[in-house]
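Please examine the sequence and the structure before working through each solution.

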Amino acid sequence: MAHDTQIDTEDSLDPGDWEDMRRLAHVMVDDAISRLQGLRDAPVWQPMPDAMKAGFRGPPPTGPAPLEAVYADVKHKLYPHAMGNIHPRFWAWYMGAGCLTGALADFLAAIDGSNLGGGDTGANQVDRQVTDWLRQMMGFPEGGSGTLVNGGSMANIVGLMAARNTMAGVDLHTRSVADITAPLRFYASDQVHSCHMKAMNLLGLGGSALTRVATDNAFRMDLAALRSAIEADRQRGARPACVIATAGTTNTGAIDPLPQIADLCRDEGLWLHVDGCIGALFSIAPSSRHLVAGIERADSLALDLHKGLNAPFDVGCALLRDRNVHRATFAESAEYLQVATRGLAATEFLHDYGLETTRGFRALKVWMMLRHHGVERFGRILDRNIAQAARLTALIDAAPDLERMAPTATSVVCFRHAPDGMREADLRAHNTEIMLRIQESGIAILSDTTIRGRHCLRVALCNHRTKDEDIDILVHEVRRLGSEMALVGAAGDA
Ligand SMILES: *Cc1c(COP(=O)(O)O)cnc(C)c1O
């Protein structure tokens, strides 16, 4: 018997010595807090040396190791080689910087362990409350509903699937997309995020179902072009189904003309989906909310909480204007998942509102962050990021060797270093090199893009830690490196 007991203890995943584990857990929390406190003085990013990378190969560990040793690797090998988006001077792509409240909440959520697929739990109440808060923050009506997903791509898929099913004219729970009597057509601007192409593929409609509508000089969807695309499709016998408007494009932060697109969708009987991964949360920013007026008229809206809210990865949300449509899109009946009148399953299953069955308790981080900081603080931070984009824009416009490549609509700034006399053909290599040197120096991280065939540096301000002086440092570094390289280049040419 004694022997059996021993085997049981060894094979549990609980600690052998709880007090030891408690001490180590405290160390991890202390280290994490110190890391955040010291961020500003650390490099934003540094590449992992090849020799260290080699240590990440080999067979799976068959036996145990002390957790101290495992944690030492996390601290010494992973911490210094993280992506860097938690740093005040990280502005690549479009990310959030995370926050301690959210990180603690993720830990607590994992300990709680609840599965948000359903169940009568406290976690369920938190999940419902968070989606309802978001519904109110976005100005959606009371009959609306939401579901937390892993990010913007999935939130868009949820909205687009509701659009497809509503516009299909056949019940896609029992029939096939091949039974749809006229081919469905979706419309988005030529600046639309690539996740929508994946969505078209996934939804069985294919890339040809998505028309890429031209944009104006400010990279907003051109309404006349949208109208004629819809008209042409009707004449061809296709069925215009849905306009995907982007509130904050990835390339330049432009916002499609939401009120006009909403009017058009109403008049034409089309579903309006808004990709608000960047811009939806501007709705809570007092000085910027006018930029996304009309967003509340969407039939479905995708928002990204790990971007504008700076929640730790990953969490996004799909909001639907009509709860019944939302549920009708996703609910399937399964004999092993039935709502009961009493007990743990005596409540509506949340997996009836999305594609995932098991879902983690990602609601907790949003709930704790919103309660701890309040909606207004998040709004002010979003306003500040937009003001910092304007500051950067002004610095660029005042510098003779910098050229802005797109209007700054919100929190994204596109520009390049263009010293006097450098040929257009050489500017791409020149700016790419500037970007890489800045990344490798650990001073800042920015990325690049190509707009209408022209390459440029791109700064996306979605970071609650960025201060105005960080913007000044960036401009100084780009100009310093750029002119240094231009001088060397000119000497080489001579
Ligand atoms: C970031 C982004 C997405 C994708 O969101 P993920 O959270 O990365 O899945 C979609 N659309 C736009 C406009 C985005 O900026």
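**Exercise 1.** Why are α5 and α12 described as oblique rather than parallel to each other?

*Solution.* The model is a predicted one. Begin with the geometry: the axes of helix α5 (residues 100-112) and helix α12 (residues 363-373) come within 8 Å and cross at roughly 140 degrees. Next, apply the cut-offs: angles over 145 degrees count as roughly antiparallel, those under 35 as roughly parallel, and 65 to 115 as roughly perpendicular, with the rest oblique. The two helices, α5 and α12, are therefore oblique to each other. The crossing of α5 and α12 is right-handed. On the α5 side, the contact is made by T101, G102, A105, D106, L108 and A109, and on the α12 side by L364, K365, M368, M369, H372 and H373. Sorted by class, this contact has six nonpolar, four polar and two charged residues.

**Exercise 2.** Determine how β2 and β3 pair, and which unit they make with α8.

*Solution.* Strand β2 (residues 184-189) pairs with strand β3 (residues 210-213) in the parallel sense, over four bridges. F186 has L210 in β3 as its bridge partner. Together with helix α8 (residues 195-202), β2 and β3 make a right-handed β-α-β unit.

**Exercise 3.** Identify the edge strands of the four-stranded open sheet.

*Solution.* The strand order is β8-β9-β11-β10, with antiparallel pairing. β8 (402-404) and β10 (447-451) each have a single partner strand and stand at the edges, so one side of each is left without a neighbour in the sheet. On average, neighbouring strands are turned by 45 degrees against each other, direction ignored. β10 pairs with strand β11 (residues 454-460) over five bridges, in the antiparallel sense; the bridge partner of D448 in β11 is L457.

Note on methods:
Residues numbered from 1 in each chain as written. Predicted model: local features only at pLDDT ≥ 70, side-chain atom pairs only at ≥ 80, totals over all residues. Heavy atoms only, no water. Axes fitted to C-alpha atoms, helices over the stretch in contact; angles between N-to-C directions. Left-handed = near helix turned anticlockwise from the far one by under 90°. Contact = heavy atoms within 4.5 Å. Nonpolar A, V, L, I, M, F, W, Y, C, P; charged D, E, K, R; others polar. Pairing = 2+ DSSP bridges. Right-handed = clockwise from strand over helix to strand, strands pointing away.
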